[in-house]
Amino acid sequence: MQNDEQEIRQLVATWMAATKSGDVKAVLELMSDDVVFLVAGQPPMIGKSAFAAAAEAQASHGPVQFDGTSEIQEIKAIGEWAFMWTKLTVTMTPPGGAEAMNRAGHTLSILRKENGRWLLAR
């Protein structure tokens, strides 16, 4: 279990670093093909391809700068599945000098082990 927790913590660190650097390809490699993102007030984003399309659409207006932290509160791995809750803080600065948007709150993520690697599933 300790190794699973370390691998999941590394996934989060990689996700945050790739997001900050704008490396969408690296972020996509951290999620399952059938990933589902649930965000309050928005319809579900289903599948890795939907995430890629949203990222591409966002980038078409110019580079967006992201910064943030993810403070892991708990990780539980049970076989090929794991859940994690975090305190997430994100600042997104749109291109063109638009005002930065800040979001903060707790998140619950579900991960699945595929081919020996933990991936974000929900």
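**View 1. Helix H1 (residues 2-21) has an end-to-end distance that agrees with its length.** At 1.5 Å a residue, its 20 residues should span 28 Å, and the end C-alpha atoms lie 29 Å apart; the expected span is 1.5 Å times one less than the number of residues. Helices (H or I, at least four residues) and strands (E, at least two) are DSSP runs numbered from the N terminus. The model is predicted: local features need pLDDT of at least 70 and side-chain atom pairs count only at pLDDT 80 or more, while totals for chains, interfaces and linings use all residues. Residues are numbered from 1 along each chain as its sequence is written, and side-chain values use heavy atoms, with hydrogens and water left out.

**View 2. Buried residues of H1 pack against other elements.** Asp4, Ile8, Leu11, Val12, Trp15, Met16 and Ala18 of H1 are buried (under 20% relative accessible area; exposed is over 50%, partly exposed in between; 1.4 Å probe, protein chains only). The buried residues of H1 pack against helix H2 (24-28) and strands S1 (36-37), S3 (65-78), S4 (81-93), S5 and S6, contact meaning heavy atoms within 4.5 Å. Just after H1, Gly22 takes a positive phi of about 80°.

**View 3. Four strands form an open antiparallel sheet in the order S3-S4-S5-S6.** S3 and S6 stand at the edges with a single partner strand each, so one side of each has no neighbour in the sheet. From one strand to the next, the twist averages 30°. Strands pair if DSSP finds at least two bridges between them; twelve bridges join the antiparallel S4 and S5, and Thr107 in S5 is the bridge partner of Thr86. H1 lies across S3, S4, S5 and S6 and runs at about 165° to S3; axes are lines fitted to C-alpha atoms, for helices over the stretch in contact, and angles run from 0 to 180 degrees between N-to-C directions.

**View 4. The largest pocket is lined by 46 residues.** Phe37, Val39, Phe51, Leu88 and Val90 lie nearest its centre. H1, H2, S1, helix H3 (48-59), S3, S4 and S5 each give two or more residues to the lining, and S5 gives the most, with nine.

**View 5. Asn115 has a positive phi, near 50°, although this residue is not glycine.** Most residues other than glycine have a negative phi. Asn115 is found in the loop between strands S5 (101-114) and S6 (117-120), and is exposed, with a relative accessible area of 83%.

How values were computed: 1 Å grid on protein atoms, 1.4 Å probe; cavity = no way out; pocket = protein on both sides within 12 Å on 5 of 7 lines; lining within 4 Å.
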